[in-house]
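Let's take a quick tour of this structure, one topic at a time. Have the viewer open as you read, and look up each piece as it comes along.

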Amino acid sequence: MIPRVGVVTFPGSLDDRDAARAVRIAGGEAVALWHGDDDLMKVDAVVLPGGFSYGDYLRCGAIARFAPVMHSIVDAAKGGLPVLGICNGFQILCESHLLPGALTRNDSLHFICRDQELRIEDTSSMWTADFEAGQEILIPLKNGEGGYVADEATLDMLEGEGRVIARYLGLNPNGSRRDIAGIRNELGNVVGLMPHPEHAVEDLTGPTTDGLPFFTSVLNSLVGAS
Amino acid sequence: MARVVVDVMLKPEILDPQGRAVQGALGRLGLTGVQDVRQGKQFIIDIEGTLEGDRYDLMHKLAEELLSNPVIENYTMRVVEDAS
């Protein structure tokens with residue numbers, strides 16, 4: 001079985017092609033999904049890619065949340081469909097309330113684009129199972145509104161339940177509370193991550209191939225389950 | 001025609017880097033004594049007829065769910081009748 005991983009294109013998505021390429025390099029079949037169509041084409045997992053959906057108007061992800069495809073994805077995610085939101089995708093997952101908290105303007109007010117060291121904190125999610133707990137990785141980061149915020153009770157809950165999946169190492173690039181780079185939902189099928197693993201999947205174009213395990217994790221989880 | 005005005009502000013406990021940058025600029029331009037600046041958004045919505053009943057309730061719901069993000073923002077909504 002070759003798992004089918006849908007990659008959604010919104011108006012203003014930028015990284016949908018790189019995400020699809022990462023799926024293929026990891027051994028999956030990438031399926032293009034369109035924001036205006038609520039048909040998920042029987043995919044086994046979904047990636048919400050980075051970019052600037054709807055020009056980031058109103059708030060990042062605020063309008064994408066109401067796209068027809070998102071209605072289907074929210075329902076399916078609640079039923080266990082694996083969903084990875086990268087950067088703008090993470091913002092959409094928070095706006096959709098599939099993940100708690102919100103992403104706000106970088107505390108420096110600068111758009112940050114650099115290779116970023118992360119520590120993988122949780123390997124129980126469907127998107128991080130192929131990492132070692134505590135593994136340090138280097139993947140690109142590029143955001144203007146990547147500051148993760150939530151109230152203290154929510155942050156404590158995320159930490160207590162092991163739902164922080166990755167943390168920034170070194171200088172915090174955007175003011176994220178507790179250096180949080182990514183989180184997961186309770187079930188572990190939905191993950192939001194601000195840096196970009198899809199840009200680090202082969203030596204020619206990425207700083208490392210440290211992003212690949214995010215994609216092999218979900219493929220292996222799906223194959224193992226079938 | 002009714003005019004609806006929705007003001008959206010970051011909650012007090014959420015850092016507002018844009019407000020902070022404006023605060024710095026005000027000081028550099030000679031305004032002394034600025035203690036805090038918060039930056040928000042205002043939506044002015046002109047709508048046919050009067051806003052009441054279900055439509056009023058829906059406007060409130062959308063002010064909360066679309067125009068603002070309750071995780072980080074508060075909103076206030078007021079209706080200005082006969083704005084024309």
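**A sheet, a chain and a contact**

In strand β9 of chain A, Tyr168(A) is the bridge partner of Leu118(A). Keep in mind that this is a predicted model.

- Strand β6 (residues 112–120) and strand β9 (residues 164–168) of chain A pair up in the antiparallel sense, with 3 bridges between them.
- Both belong to an open sheet of 9 strands in chain A, which runs in the order β2-β1-β3-β4-β11-β10-β9-β6-β7 and has mixed pairing.
- Who stands at the edges? That's β2 (29–34) and β7 (136–143) of chain A; each has a single partner strand, so one side of each has no neighbour in the sheet.
- Going from one strand to the next, the twist averages 25°.

**A closer look at Met70(A)**

- You'll find Met70(A) in helix α2 of chain A, which covers residues 68–78.
- Is Met70(A) buried or exposed? Met70(A) counts as buried, because it has 23 C-beta neighbours inside 10 Å, and the cut-off for buried is 20 or more.
- If you skip the neighbours within four places in sequence, Met70(A) is in contact with Ala64(A), Arg65(A) and Ser96(A).
- Along the sequence, Met70(A) and Val8(A) are 62 residues apart, yet in space their C-alpha atoms are 9.3 Å apart.

**Chain B on its own**

- Chain B has 2 helices and 3 strands, and if you read along the sequence they follow the pattern β-α-β-α-β.
- Why is chain B called more spread out than a compact globule? Its radius of gyration is 16 Å, while the globule rule gives 12 Å for 84 residues, so chain B comes out well over that value.
- Taken along the principal axes, the C-alpha atoms of chain B fill a box of roughly 45 × 30 × 15 Å.
- Look at the contacts in chain B with a separation of 6 or more: 72% of them are between residues 24 or more positions apart.

**Where the two chains touch**

Definitions and conventions: Residues numbered from 1 in each chain as written. Chains lettered and ligands numbered in written order. Predicted model: local features only at pLDDT ≥ 70, side-chain atom pairs only at ≥ 80, totals over all residues. Helix = DSSP H or I, 4+ residues; strand = E, 2+ residues; numbered from the N terminus. Rg over C-alpha atoms; globule rule 2.2 N^0.38 Å. Contact = placed C-beta atoms within 7 Å. Pairing = 2+ DSSP bridges. Axes fitted to C-alpha atoms, helices over the stretch in contact; angles between N-to-C directions. Buried ≥ 20, exposed ≤ 12 C-beta atoms within 10 Å, placed from the backbone.
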